[in-house]
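Work through the exercises below with the sequence and the 3D structure at hand. Each task is followed by a solution in steps.

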Amino acid sequence: MSTAIELIAVDKRFESGVTALKGLSTTIWPGQFVALLGPSGCGKSTVLRLIAGLEQPTSGEVRLNGVPASKRAAPMSYVFQEPTLMPWASVLDNVALPLRIAGASRSAARAAALEALEDVGLAERASAYPAELSGGMKMRCSIARALISRPAVLLLDEPFAALDEMTRHRLNDELLAQWGARSPTAVFVTHSVYEAVYLSQRVLVLGERPGRMIADLPIALPAPRAASLRLEESFLEQCRRVSHALEGGIAAGVLA
Amino acid sequence: MTVARRASTWVPLAAGLGLLVTWEAIVRLRGIPPFILPAPSVVLKTLWDNLDSLFVSWLFTIKITFGALALALAGGVLLACAFALSRPLELALFPFAIALQVTPIVAIAPLILIYVDSTTASLLICAFIVAFFPILSNTLIGLRAADPNLQDLLTLYGATRWQRLRWLLVPSALPYLIAGLKISGGLALIGAVVAEFAAGAAGRETGLASRILEASFRTEIPKMYAALTLVVLTGVAIYLLTRVLSRALLGRWHPSEQG
């Protein structure tokens, strides 16, 4: 069900001449929740787009279960920084979209969408339009849409960056609950050390442009995570470790 | 909010009524003869007296206008979809669309009237040429304005071209299409009337432009105004129809119809 993601000596240079990634190699195991952390402009989003097969590496390879990512062999979902909902469709139809594209009938897709909305506590807003929802609700809707197709790979590009901190904490917990129910391989891009540590089993730290791997840190914290963890010494200790790696990498980049 | 909405109905009506009353008063007080400027009451009476012949012509003009608008809608949308799917096709054909748009309709109407046997058909073609460009151009922009992230999402879910068109491109283009339709509605009427002027008043199957021409030959000024009134009413009705359509299709979600 879950899928391994391999990046092998990946370089990405854009036509504009900007080198976004340089010699990136790593393997993400099936069912792992990995946070991709780094300063803005370091190529984090590009890594996601490469895994999704929306961009091709200039050199090197991206493989999902051994198959090139461009083949899109594994079912994948993507959550963007913006909720990216269709403004002309109801919440229900937005969530049903992946199933409709996969060929499900309107009624079957809607029934499944309603269930998915129940999981994120949005069922009573099913007939609302995106413009009528708060930022947090829109993001819940976006996550429900991402999970409804039962993806083997879940890619999240700073989905909570635009939300206030309380909403972000709540959505972190909801996301973990949803992920735990099915355990797709998840890659979560963020520039928040706390969010990266709280959510993931492993943090990959990228250095400034061009993006290179500067640290690969396992997060030894109990699962499932509980909100009280945010105040515990063990959590803060992990955050310190990741922060040091991040700052060390940035400092090295400045000196180089 | 409701006060503002009510005002948006009453203010233009009151302004129109005020204009008519002023017009009527000036004509009466100054004793302006109807062959120079007929009072609104005289225009109304002329309209009533000539209702039979004017009504038939009115129906004809409406037929040409809505026929041309329907053709423009179908042609503009289909061509825009084809252009959006095929860049070479757009490169090849878009210059012709522009050429048609920039050529004054009165300059090509005589040619069309010569080449096409049926007057009705040639009038339809003329009105279509005037009306279709805003729909084509707006729809094409709308199809290209789809959210790139949603585009990527559909790619990720393996959507076919047809699914992409149905679930993303067409709804994205709809507000643009409606804006184009609002322009084209008026242009179709202008095209129908202007083409008929170019064709000249002849035959049984003729519209309001022919009535205006006839009346001008006989210097029946009130009758010219009566026919003109019907043209204006038709134009306003078309505009209101596009407003209703816009509200029905975009009312719940598009910012242009909110607030």
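**Exercise 1.** Find how many Å separate the centres of domain 1 and domain 2 of chain B.

Solution. Start with the bounds, which come from an automatic or database domain assignment: domain 1 of chain B covers 1-32, and domain 2 covers 44-257. Next, take the centres over C-alpha atoms; they are separated by 30 Å.

This is a predicted model, in which local features need pLDDT of at least 70, side-chain atom pairs count only at pLDDT 80 or more, and totals for chains, interfaces and linings use all residues. Residues are numbered from 1 along each chain as its sequence is written, and chains are lettered from A and ligands numbered from 1 in the order in which they are written.

**Exercise 2.** Describe how domain 1 of chain A meets domain 2 of chain A.

Solution. Chain A has domain 1 (5-75 + 152-255) and domain 2 (84-149). Their centres, over C-alpha atoms, lie 26 Å apart. Now count contacts (C-beta atoms, placed from the backbone, within 7 Å): domain 1 of chain A gives 11 residues and domain 2 of chain A gives nine. On the domain 1 side, helix H5 (residues 165-182) of chain A provides the largest share, five residues. Helices here are DSSP runs of H or I, at least four residues, numbered from the N terminus.

**Exercise 3.** Which helix supplies the largest share of the side of chain B that touches chain A?

Solution. The contact involves 16 residues from chain B and 16 residues from chain A. On the chain B side, helix H7 (148-156) and helix H8 (161-199) each supply at least two residues. The largest share, seven residues, belongs to H7(B).

Terms used:
Contact = placed C-beta atoms within 7 Å.
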